[in-house]
Amino acid sequence: MIRCERRGFGFRGGLAFFLVFMGACSSPESRPEPVPVLRYENALMELDTADMRVGLEEIASSYPLFFDGVDLQDTLNLWQLRNFIEDPVVRLLHARIQEQYDADSLRLGISLAGLFREMHRLDPSFRNPVVYTYISYLDHPNRVFFMDSVLVVGLDLYIDGNQDLMDEYGIPRYISQRLNSAYLLPDAARILVMSRLDAPEEGCLLDYIAWEGKIQYALHHVLPDEPDFVLFGYTEAQMDWCRKNEGLVWDYLVSQGLLFETDPFEFRYFVNEGPFNPLLPGAPARLAQFVGWRMVEAYMRKSDADWNALRQADARTLLEVSRYKP
C-alpha cells in the first residue's frame, strides 16, 4: 500500500487545507433545524489537481479566516496538497465517507442539532459551534477537536466497516472498536463538555475522578438515549464488570492509598487509555470515569446543586457531600 508522507503546515496553516467556514444557528427548538455541516473533504477532493492554485484561491476568497498565514504561491504547499488528494488511501477513505454520509447528508446535521439543544439545556451559556468535517488520514487522537467556537470532525474515523485500514495502520483494537458511526456524537459531546470544565493540573487521582465524573454526568444528560457502555467507550462486557465490581474498585483505591496520590505514573491504569487494567483482574482501563460518575450521581442526589454548581465543586467537596462508598 502506498502511504502519504504528511508534512505540517503549522497549526492554523495546516487547518486551512482541511477546513471550511460555515454558520450555525444557536436557538434551541423542540424540533431543531439541522445544523449546517460544511464537508471540506468533498470540496477538497473535487479540486482540479492540474490547477491547484486557482481552486485554492477560490476557497480562500470565501473563507479567508482558515487560510491565515498560508502562502498559495508557494509551490511546495501546492505539491504537498496535490499528493494528499491523489494518495490512494485518501481516495479510498473519501469513497467510504461518501458511501456512508452523502446518501443521507441531513442525518449528521440533525443529530448534531439535537446534541447542541441538549447542551444548551444543560448549560444555557452554551452556543452552537461552527462545524466542519475533513479527512484526518486516520489520525485517531484528533478525530474530534474543539477550539474557540469551532468543532472539527474527522469523518474517516467514523466509517462503519473500516477495520481493515485501521488494522493496517496499527490502531489498537481497544481504540478502533470505538471508531465507527455509533461514537461520533458521544465523542463530539465529550469534547464540548470538556470545554466547559477546568481540567486537573498536576492533581491527585481524586481530582481526575471528579473531573471524569462531571464529564460522564453531563454526557448522560445530553445523550440520554445512548447506552452507558457507548458513553464510557467500553464494551458491554466491560460495562457489566464495572457495575458488578464497583465496591471492589473503590476498596482497592482506598486500601492502596491512591485517592490522594499525585504521581500520575502510580494511577495511570485508572485514567489512561489501554486494553485493560492489570491491577484488577478483568477490569477495563479508565476506571476513574466510572467511579467519578457514580460519585457525582450520589453528590447530585444529596445536594440541590445544578450543573453550574457541579462545575465549580472541587473533588473533596464531591467526596464529602456524596459520602460515596459503594
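**Labels and their cut-offs**

Guide: E118 counts as buried, at 15% relative accessibility. Before we go further, this is a predicted model, in which local features need pLDDT of at least 70 and side-chain atom pairs count only at pLDDT 80 or more, while totals for chains, interfaces and linings use all residues. Residues are numbered from 1 along each chain as its sequence is written, and side-chain values use heavy atoms, with hydrogens and water left out.

Visitor: Why is E118 called buried?
Guide: Buried means under 20% relative accessible area, exposed means over 50%, and partly exposed lies in between (1.4 Å probe, protein chains only); E118 has 15%, so the label buried applies.

Visitor: What makes the contact of R121 and E118 a salt bridge?
Guide: The term requires a side-chain nitrogen of Lys or Arg within 4 Å of a carboxyl oxygen of Asp or Glu. The N to O distance between the side chains of R121 and E118 is 2.9 Å, and therefore the pair qualifies. The two residues are three apart in helix 6, which means that about one helical turn separates them; helices here are DSSP runs of H or I with at least four residues, strands are runs of E with at least two, and both are numbered from the N terminus.

Visitor: How do you know that D123 forms a salt bridge with R311?
Guide: Their closest N and O atoms are 3.1 Å apart, so the pair meets the definition. This pair links distant parts of the chain, 188 residues apart, with D123 in the loop between helix 6 and strand 2 and R311 in helix 16 (residues 307–312). D123 is buried at 5% relative accessible area, whereas R311, at 28%, counts as partly exposed.

Visitor: What joins the side chains of D123 and S125?
Guide: A polar contact of 2.6 Å joins them; the term stands for a pair of N or O atoms within 3.5 Å where, within protein, one must be able to donate a hydrogen and the other to accept it, and residues adjacent in sequence count only if both atoms are side-chain atoms.

Visitor: Why is E58 called exposed?
Guide: E58, which lies in helix 3 (residues 52–62), has a relative accessible area of 51%, so the label exposed applies.

Visitor: How many salt bridges does a search of the whole structure find?
Guide: The search finds 17 salt bridges. One of the pairs is R286 and E273, whose side chains meet at 3.4 Å, N to O.
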